[in-house]
Amino acid sequence: MTEAYIVKAYRSAVGKAGKGALRFYRSDDLAVDVINHLMAETPELQPEWVDDVIVGCANPEGEQGLQIGRQISARALGKSVPGITINRYCGSGLEAIAMAVAKVRSGMGQCFIAGGTESMSAIPMTGYKLAPSFKVAVEKPNYLIGMGLTAEAVATKYGVSREDQDEFSYHSHMKAANAIDQGYFESEIVPIHVKEVYVDDDERKEREYTFKVDEGVRRDTSVEALGNLRPVFANKGSVTAGNSSQTSDGASFVLVMDEAMVKELGVEPIARMVSCSVAGVDPLYMGIGPCAAIPKALKKGGVALKDIELIELNEAFAAQSLAVIREAGLNPEIVNVNGGAIALGHPLGCTGAKLSTQLFNEMKRRGHKYGMVTACIGGGQGIAGIYEML
């Protein structure tokens with residue numbers, strides 16, 4: 001079996017859906033920008049040598065339709081390079097990387113670009129036409145439960161208090177603000193040139209700017225301010241807009257090569273994926289998914305939990321994150337050291353690749369060896385990927 005190596009990893013900054021810098025920026029355009037940058041930073045690689053482009057996207061319809069993976073591959077690399085769209089919802093970006101790694105290891109290709117892109121500004125959370133099965137709604141209603149209600153269910157079942165959720169959320173913002181101030185994300189972010197056309201005082205106007213800083217962080221928030229927010233999903237509940245992940249826009253991709261190509265091109269790999277596992281859980285308690293996926297990934301990778309030095313846990317909700325940390329026995333000191341999705345955003349299909357990119361850079365900065373990316377997934381799943389830095 002040949003080994004698969006991650007050679008490059010980049011992402012866009014994350015925009016606030018509906019009102020941020022990327023609200024009018026198409027997700028396919030954003031993906032092309034990130035891949036173009038990735039290729040420019042790998043001059044040894046010719047576009048036609050890429051075997052496939054694997055694109056995670058949680059809502060592949062509307063502006064993200066027409067098999068967006070293929071639209072991206074043809075535009076970024078040329079029409080001879082194929083592309084595919086995959087959907088494991090919040091786990092799509094990490095799943096895309098795992099698929100690329102698996103294909104290299106099985107000999108089905110030498111070079112892949114994998115990641116994800118999502119515009120939550122363009123596509124509603126449940127898509128343009130929500131059409132659930134009546135039979136499922138009658139027989140298995142929890143299979144169709146909204147994400148906010150799953151967070152409430154997790155908070156109740158695992159005893160996560162409102163106070164703990166707000167405290168967790170506050171620290172997510174503070175850690176993210178510090179990371180931005182320290183420049184920890186700068187080397188991984190692709191600057192995006194945005195050109196907007198808008199109307200002001202009945203006049204057509206244009207403005208251009210470069211977007212390169214995650215914009216979801218609320219520097220002026222406090223535990224008290226978060227505590228004053230009303231629950232939004234359940235009467236007398238504990239889950240609020242302040243302790244939930246932000247709807248966001250973003251793209252992130254990594255370059256995966258086999259050992260022969262790495263040596264031939266003389267490039268230096270960043271990391272390798274040790275293992276990646278998925279698991280199913282009760283959809284009512286969707287957020288607990290990582291607790292089922294993490295042990296599988298550790299066992300398959302031959303790595304102990306104590307060996308993991310850094311963890312990126314997608315903060316779908318503070319209630320869910322705290323329940324996972326406690327139930328899975330994670331060390332909170334190494335989880336989301338630079339903040340998480342509550343502060344930095346959660347562009348669904350992009351998130352797994354974005355978290356991987358952040359993990360690589362932070363592990364390199366700290367000199368760590370083993371790290372993990374994990375997330376819960378809508379519909380009752382969990383995913384966990386373990387990486388070894390090289």
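User: In which helix of this predicted model is S169 found, and is S169 buried or exposed?
Analyst: S169 is found in helix 6, and the model that places it there is predicted. Its relative accessible area is 0%, and since buried means under 20%, the residue in helix 6 counts as buried.

User: How many of the ten residues of helix 10 are buried, and which elements do they pack against?
Analyst: Helix 10 is mostly covered, with eight of its ten residues buried; these are A318, A319, Q320, S321, L322, A323, V324 and I325. The elements that they pack against are helix 5 (147-157), helix 6 (162-181), helix 9 (289-301), strand 11 (310-313), helix 11 (341-344) and strand 12 (370-377).

User: Which residue with a positive phi follows helix 10?
Analyst: Helix 10 covers residues 318-327. The residue with positive phi that follows this helix has a value near 70 degrees, and it is G329.

User: Where is F233 placed, why is it called partly exposed, and what is the accessible area of the nonpolar patch that it forms with L149 and V232?
Analyst: F233 lies in the loop between helix 7 (223-227) and strand 9 (248-258). It is called partly exposed because its relative accessible area is 37%, which falls between the limits of 20% and 50%. On the surface, L149, V232 and F233 form a nonpolar patch whose accessible area together is about 250 Å².

Methods: Residues numbered from 1 in each chain as written. Predicted model: local features only at pLDDT ≥ 70, side-chain atom pairs only at ≥ 80, totals over all residues. Heavy atoms only, no water. Buried < 20%, exposed > 50% of the residue type's maximum accessible area, 1.4 Å probe, protein only. Helix = DSSP H or I, 4+ residues; strand = E, 2+ residues; numbered from the N terminus. Contact = heavy atoms within 4.5 Å. Patch = residues over 30% accessible without salt bridge, like charges linked within 9 Å, V, L, I, M, F, W, Y side chains within 5 Å. Areas by Shrake-Rupley, 256 points an atom, 1.4 Å probe, with all protein chains shown as cover. Salt bridge = Lys/Arg side-chain N within 4 Å of Asp/Glu carboxyl O.
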